[in-house]
2 protein chains.
Amino acid sequence: MHEQSERFIERMGLQFESDGLPRTAGRIMGLLLIREDPLPLDAISRELGVSKGSCSMNCRLLESGGWAERVSFRGDRRDFYRVAPDLSLRSLDAAQGRVKAFLGILDDALETLPPDLDVGRRRIREVGDFHRFLLGELRGVRARWAAMEDRVSHSHDSLNTEMEAQ
Amino acid sequence: MHEQSERFIERMGLQFESDGLPRTAGRIMGLLLIREDPLPLDAISRELGVSKGSCSMNCRLLESGGWAERVSFRGDRRDFYRVAPDLSLRSLDAAQGRVKAFLGILDDALETLPPDLDVGRRRIREVGDFHRFLLGELRGVRARWAAMEDRVSHSHDSLNTEMEAQ
DNA sequence: TCTGGCGTTCAATACAGATTGAACGTTCCG
DNA sequence: CGGAACGTTCAATCTGTATTGAACGCCAGA
């Protein structure tokens, strides 16, 4: 493997780690981004020098988080993984989910915290106002990106949709 | 301390942890949000049952990350901490910073990766396009929130600006 | 019904990161 | 000059989490 590829893969690992995700998951994403075809589990394991078990765990994590997709090819019993085709929209959805979760904490606090903590409650309400604003903005961002992607995919077809995976 | 307060503080800790930050830092943020006045380090340590050293570390982390502010009062040698007054804008700036960092990785990869990885390079370019779009959107979000905050702070003064901290 | 290849699971292990508690430097006051 | 009250630092320790490697179940084909 090229030194440049390893560098990119390693940086993806660190990027994921700084977001609180396993470094190996980030490395796998880096590998999947670079490689042209979907990769089977054992190839990922071999190329990254990571045990099969860890690859299995991290690939399933990537799949459940919407980062990667599991695909199969007829005549081959193995599981292949590739980058999720709608990765960008997925990450926007995930961001919305995180904001919603935080809003849940704040709203619950406003309901349950005693009234004598009036300053604290007002502060929490302000933080909530911002995150409600943020949630609306995220919806707008999502819609705009979806519209742009739509327009582009009419002129030249997207990368993943032309692959024959079953 | 009320059970409801502890619940909120603990949830803030978990929220921070899911973002890859120390749980104690989140707990401190929860405490600072609830309490009316800025808190000295030893009060934080006592109320959270966390050692002074850990509080010192985490408070400085919060300060350097723009979450909290260190303030002092004349006649008192202690350091006090409170929630940063421009917390929302700060978090938007931090988000922009993270996107920029990731864009740096992607652009570097495009420069250094060999040309024969054309599919991978194209995929990386697509991810980069999305994040450049995201960066522009974030600027818009920031501007709109700043405008809203401005309009509001004209009618009734903000919380922190009326405190006499030196 | 076997055999081999595949993904998953799980207990043991390794490791990174947070916490502790004591030691230290500083500053302020008696 | 002490001495007390701070915040900081740092090595030792603890703890949660990721990784490993072997065992397992499953399925397809011989």
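Reader: Why does Trp67(B) count as partly exposed?

Author: Trp67(B) has 26% relative accessibility; buried means under 20% relative accessible area, exposed over 50%, and partly exposed in between (1.4 Å probe, protein chains only). Trp67(B) therefore counts as partly exposed. This is a predicted model, in which local features need pLDDT of at least 70 and side-chain atom pairs count only at pLDDT 80 or more. Residues are numbered from 1 along each chain, and side-chain values use heavy atoms, without hydrogens and water.

Reader: What makes Trp145(A) and Phe130(B) an edge-to-face pair?

Author: Rings of Phe, Tyr and Trp (its six-membered ring) pair if their centres lie within 6.5 Å; planes under 30 degrees apart count as stacked, over 60 as edge-to-face and the rest as tilted. Trp145(A) and Phe130(B) lie 5.0 Å centre to centre with 70 degrees between the planes, an edge-to-face pair. The pair crosses between chains, from helix α6 of chain A to helix α6 of chain B.

Reader: Why does Phe130(B) count as buried?

Author: Its relative accessibility is 1%, so Phe130(B) counts as buried. Trp145(A), at 8%, is buried too.

Reader: How do you know that the buried residues of α4(B) line one face of the helix?

Author: The buried residues in α4(B) are Cys55(B), Asn58(B), Cys59(B) and Leu62(B). Seen down the axis, they fall within an arc of 105 degrees, so they line one face; the arc is that of the directions from the helix axis to the C-beta atoms. The face turned away carries the exposed residues Met57(B) and Ser64(B).

Terms used. Chains lettered and ligands numbered in written order. Helix = DSSP H or I, 4+ residues; strand = E, 2+ residues; numbered from the N terminus.
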